[in-house]
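Biologist: I have not worked with this one before. Could you walk me through it?

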Amino acid sequence: MKIDVLLGLQWGDEGKGKVVDVLTPQYDIIARFQGGPNAGHTIEFDNKKFVLHTIPSGIFNPNTINVIGNGVIIDPFILQKEINKLDESDINVRENLLVSRKAHMILPTHRLLDAVYEKAKGKDKIGSTLKGIGPCYTDKISRNGIRVGDIEKSNFENKYRLARERHIKIIEQYNPDYKSIEIDGQLFIEYEKNWHDALKVLNELKKVNSEYFLNKQLEEGKKILAEGAQGTLLDIDFGSYPFVTSSNTTTAGVCNGLGIAPSKIGKVFGIFKAYCTRVGSGPFPTELFDEDGKMLRDVGNEFGSTTGRPRRCGWLDIPALKYAIMLNGVTELMMMKSDVMNQFKEIRVASKYMVNGDETMELPFDDEEDMITPVYSTLHGWRSDITIASNYYDLPCDLKNYIKFIEDSVGVPVKMVSYGPDRKETIIR
Ligand code: GDP
Ligand code: IMO
Ligand code: MG
């Protein structure tokens, strides 16, 4: 068997959580391969809403195993809160969740480092979620990290102390009064204590060498779906650097983040919104600053699932979408939040760019410095409520034309159209 992949093609928040949840009954295992609690994946069903940060979005199906892979970074305190919330709804987390021993841990001092680094950047800040992502992945790459499997070892406390001391020396250079910095509304010392207490939760979870586990399951014919976090345009290598996250959010990340050989990658589901959003700093060629942008934000409820920040909104960007499809080898597209555009009389799509006076389909090296001017195509809006459509053929002609325009532009079929946050508000073609 091969492993299927589901990931975001824009700047995150495309609706990955919803689609994973919809597809979960078709899979035995859902596995997260990168990112950490900077992610916020929303799932809605039976008038209930959940936001997951670390746990894969397959957790609501009692028959599916969920794996947090080695490429993910885990903050035990945030994970504990997530598990407690699921416990309240009688979701069987402990039974159905496996954690890779090789996953790295986000320490309280990683969060302090994130805070002081961002502050020092001033107006050039990344707009990080401040969950300690950059500093934790930095420690992983520089071979200073602490992994989940280390908790089981006798020298864990010593390792922790040494990492903490190393971090504090750096933090003090930025802010000698670091003890007064608050993390999620708690003073650092208090947060650190809670973080330590939360290690218990990691101790109680089932830990595995997930690369062996997953490959064995594939050999036995089990169906696995890899769940991406963030989006392709936030990828550390291919996103708008430095306004990116610190992991490979693309299909390549599945190989490193789960221990899966490239030849074992199957279908690649690319999730995109019918428009674009971005939260945090960085270039956004089709961003809207007018009433249309406001309408997308208001109707789409475009406020971050993790930080609550308003998301920047703009028209769909075909060169960026084509780039993401190329990098990921997308085989099927899934278009989300179509309902948010129900009221638009006209819809614009960036079909190419002008960069420094030349027409191009390519994103330039430095998309801040090189002036990108989108060249727009204008399409008719469908101006109707699509929630009454029960299948693809029932959708308004102008929406089907919009989808055809996208398919013709990028050369990949749109296999799912989502028209609301609920599990049921989904049309599979
Ligand atoms: P993720 O990070 O990719 O999982 O996406 P988020 O959960 O951060 O953001 C997507 C938001 O859109 C969530 O609030 C979802 O409940 C919501 N959503 C998903 N699909 C649709 C849709 O088709 N229509 C509408 N109106 N909302 C949707
Ligand atoms: P999901 O999985 C949207 C953005 C941040 C910031 C940049 C770096 O829900 O789609 P980081 O915290 O990684 O240092 O932030 O990346 N970002 C996201 N934006 N959705 C996400 O995840 C994101 N995770 C990080 O806003 O601009
Ligand atoms: Mg999100």
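Biologist: In what sense do strand S7 and S11 pair, and over how many bridges?

Modeller: Strand S7, residues 97–100, pairs with S11 in the parallel sense over three bridges. Two strands pair if DSSP finds at least two bridges between them. Strands are DSSP runs of E with at least two residues, helices are runs of H or I with at least four, and both are numbered from the N terminus. Ser100 stands opposite Val208 in S11.

Biologist: What should I know about the model before going on?

Modeller: This is a predicted model, where local features need pLDDT of at least 70 and side-chain atom pairs count only at pLDDT 80 or more, while totals for chains, interfaces and linings use all residues. Residues are numbered from 1 along each chain as its sequence is written, chains are lettered from A and ligands numbered from 1 in the order in which they are written, and side-chain values use heavy atoms, with hydrogens and water left out.

Biologist: What is the strand order in the open sheet?

Modeller: The order is S11-S7-S5-S2-S12-S1-S13-S17-S21-S22, ten strands with mixed pairing. At the edges are strand S11 (206–208) and strand S22 (426–428), each pairing on one side only. From one strand to the next the twist averages 25°; axes are lines fitted to C-alpha atoms, for helices over the stretch in contact, and angles run from 0 to 180 degrees between N-to-C directions.

Biologist: Which strands does helix H8 touch?

Modeller: Helix H8 (residues 210–219) packs on the sheet and touches S1, S2, S5, S7, S11 and S12. Contact means heavy atoms within 4.5 Å. The direction of H8 makes about 145° with that of S5. Helix H12 (residues 397–410) also packs on the sheet, touching S13, S17 and S21, and its direction makes about 140° with that of S17.

Biologist: How many helices and strands are in the protein chain?

Modeller: Twelve helices and 22 strands.

Biologist: New topic. What are the protein donors of the magnesium ion?

Modeller: Asp13 (OD) and Gly40 (O), lying 2.1 to 2.2 Å from the ion, which is ligand 3. Donors are N, O and S atoms within 2.8 Å of the metal (3.2 Å for Na, K and Ca); water is not among the atoms, so sites may look incomplete.

Biologist: Where in the chain do those two sit?

Modeller: Asp13 is in the loop between S1 and helix H1 (16–23), and Gly40 is in the loop between S2 and strand S3 (41–45), 27 residues apart. Asp13 counts as partly exposed because its relative accessibility is 22%. Gly40, at 9%, is buried.

Biologist: What do S3 and S4 form?

Modeller: A hairpin, with two residues between the strands; Asp46 in the turn has a positive phi of about 45°. The strands run antiparallel and are joined by five bridges, S4 being residues 48–52. Glu44 stands opposite Lys49 in S4.

Methods. Buried < 20%, exposed > 50% of the residue type's maximum accessible area, 1.4 Å probe, protein only.
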